[in-house]
Amino acid sequence: MGCNSSQAGPTDYTELSCQACRNGEALGFDFSMAFQPIVDAGHREILGYEALCRGLDGQGAMWVIEQVNDHNLYRFDQTCRVKAIEWASKLGIEGYVSINFMPNAVYRPELCIRTTLHAASEWDFPVERILFEITEAEHVQDKYHLRDIVRYYQASGFKTALDDFGAGYAGLNMLASFQPDLLKIDRELVIDIDQHLAKQVIVRHLLALCDELNIVPLAEGVETLDEYHCLCDLGVERFQGYLFAKPGFETLPTVTWP
């Protein structure tokens with residue numbers, strides 16, 4: 001799936017209106033958003049919410065992704081941004097809204113960001129409270145292109161996060177190319193971490209790395225109290241996972257504090 005304009009292939013990069021994104025007109029199918037809180041558990045503070053795509057009848061994210069192809073990748077990426085911002089405004093999110101984006105769908109960051117800026121203006125949602133997540137699990141064809149996207153977004157006032165760290169293609173090489181504001185430690189490193197010394201060592205050193213690079217670490221996919229207490233002992237302060245709340249479809253779920 002090409003991301004450079006010279007390799008765009010069949011993908012249509014026509015600038016979209018917020019209305020076209022809202023009703024699924026640009027895609028040929030429609031979807032909505034669920035929201036899962038991101039928390040500072042020690043201070044019992046909700047920092048923001050990640051926007052997660054869902055089918056209109058509650059189908060999971062994989063059902064939505066199965067509808068995406070080379071022809072509508074760019075339009076899907078743009079639509080996710082508009083829907084996330086619209087719902088964040090409707091639900092009165094006071095922290096940041098975290099939006100997953102697909103680097104391979106961004107051919108030129110200064111042009112592809114226009115629809116996002118229009119949506120933020122229309123729904124009166126501050127740009128500085130929009131956080132873009134790059135999933136490390138997506139194979140990025142051009143790491144220099146991704147570096148330029150992140151740098152442009154940061155210079156434009158957006159926050160950035162590297163999602164699924166430890167489960168993807170680039171790992172430390174990606175961190176050497178750019179430094180996101182937030183690094184989300186992958187669920188595979190979190191599962192039963194209280195029982196695995198190797199995972200504890202890896203996370204401990206990862207936290208030290210984040211500290212030196214001025215990156216905020218976050219553990220995602222936390223589901224048990226034992227995982228949570230172990231991560232706290234290692235120095236993790238920010239969390240996301242079922243232990244705190246499952247995603248709420250078009251609503252903000254109630255957070256359970258350990």
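**Figure 1. Strand 5 pairs with two other strands.** Two strands count as paired if DSSP finds at least two bridges between them. This close-up comes from a predicted model. Strand 5 (159-165) and strand 6 (residues 182-185) pair in the parallel sense, over 3 bridges. Leu162 has its bridge partner, Leu183, in strand 6. Strand 4 (residues 130-135) also pairs with strand 5. That pairing is parallel too, and it runs over 5 bridges. Here the bridge partner of Leu131 is Lys159, in strand 5. How many residues of strand 5 are buried? The count is 6 of 7, so strand 5 is mostly covered, with buried meaning under 20% relative accessible area. In a regular strand, side chains alternate between the two faces of the sheet.

**Figure 2. One side of helix 5 is buried.** Helix 5 spans residues 114-122. Which of its residues are buried? They are Thr115, Thr116, Ala119 and Ala120. These four cover an arc of only 135° around the axis, so they lie on the same side of helix 5. Just after the helix comes Asp124. Asp124 takes a positive phi, of about 55°.

**Figure 3. Thr116 meets Arg81 and its other contacts.** Thr116 belongs to helix 5. Its relative accessibility is 1%, which means that Thr116 counts as buried. The side chain of Thr116 makes a polar contact with the side chain of Arg81, at 3.3 Å. Leaving out residues up to four places away in sequence, Thr116 touches Arg81, Ile85, Ile130, Phe132 and Phe158. Phe132 and Phe158 return in the next view.

**Figure 4. Phe132 and Phe158 form an aromatic pair.** How many aromatic pairs does a search of the whole structure find? It finds 10. In one of them, Phe132 and Phe158 sit 5.2 Å apart, centre to centre. Their planes are 55° apart, and the pair is tilted. Phe132 lies in strand 4, and Phe158 lies in the loop between helix 6 (143-155) and strand 5, so the pair ties together parts that are 26 residues apart in sequence. Both residues, Phe132 and Phe158, are buried. They also belong to one aromatic cluster, together with Phe101 and Tyr153.

**Figure 5. Phe29 and Phe31 form a tilted pair.** The 10 aromatic pairs in the whole structure include Phe29 with Phe31. The ring centres of Phe29 and Phe31 are 6.1 Å apart. The angle between the planes is 35°, and the pair is tilted. Phe29 and Phe31 are both buried.

**Figure 6. Two charged residues lie over aromatic rings.** What lies over the face of Trp87? The residue is Lys90, at 4.8 Å from the ring centre. Phe125 has Arg129 over its face. In that case the distance to the ring centre is 4.7 Å.

Figure 7. Gln240 sits in strand 8, which covers residues 238-240. Is Gln240 buried or exposed? Gln240 is buried, with a relative accessible area of 2%. Its side chain and that of Lys184 are joined by a polar contact of 2.7 Å.

Figure 8. Helix 9 covers residues 197-213, and Leu209 is in it. The relative accessible area of Leu209 is 30%, so Leu209 is partly exposed. Which residues does Leu209 contact, leaving aside its neighbours within four places in sequence? They are Leu172 and Leu175.

**Figure 9. Thr256 comes back to Phe244.** Thr256 is in the segment after strand 9 (248-249). At 48% relative accessibility, it is counted as partly exposed. Along the chain, Thr256 and Phe244 are 12 residues apart. A separation of 4.8 Å divides their C-alpha atoms. With neighbours within four places in sequence left aside, Thr256 is in contact with Leu243 and Phe244.

Conventions:
Residues are numbered from 1 along each chain as its sequence is written. This is a predicted model: local features need pLDDT of at least 70, side-chain atom pairs count only at pLDDT 80 or more; totals for chains, interfaces and linings use all residues. Side-chain values use heavy atoms; hydrogens and water are left out. Buried means under 20% relative accessible area, exposed over 50%, partly exposed in between (1.4 Å probe, protein chains only). The arc is that of the directions from the helix axis to the C-beta atoms. A polar contact is a pair of N or O atoms within 3.5 Å; within protein, one must be able to donate a hydrogen and the other to accept it, and residues adjacent in sequence count only if both atoms are side-chain atoms. Contact means heavy atoms within 4.5 Å. Rings of Phe, Tyr and Trp (its six-membered ring) pair if their centres lie within 6.5 Å; planes under 30 degrees apart count as stacked, over 60 as edge-to-face and the rest as tilted. A charge sits over a ring if NZ of Lys or CZ of Arg is within 6 Å of the ring centre and within 35 degrees of the ring normal.
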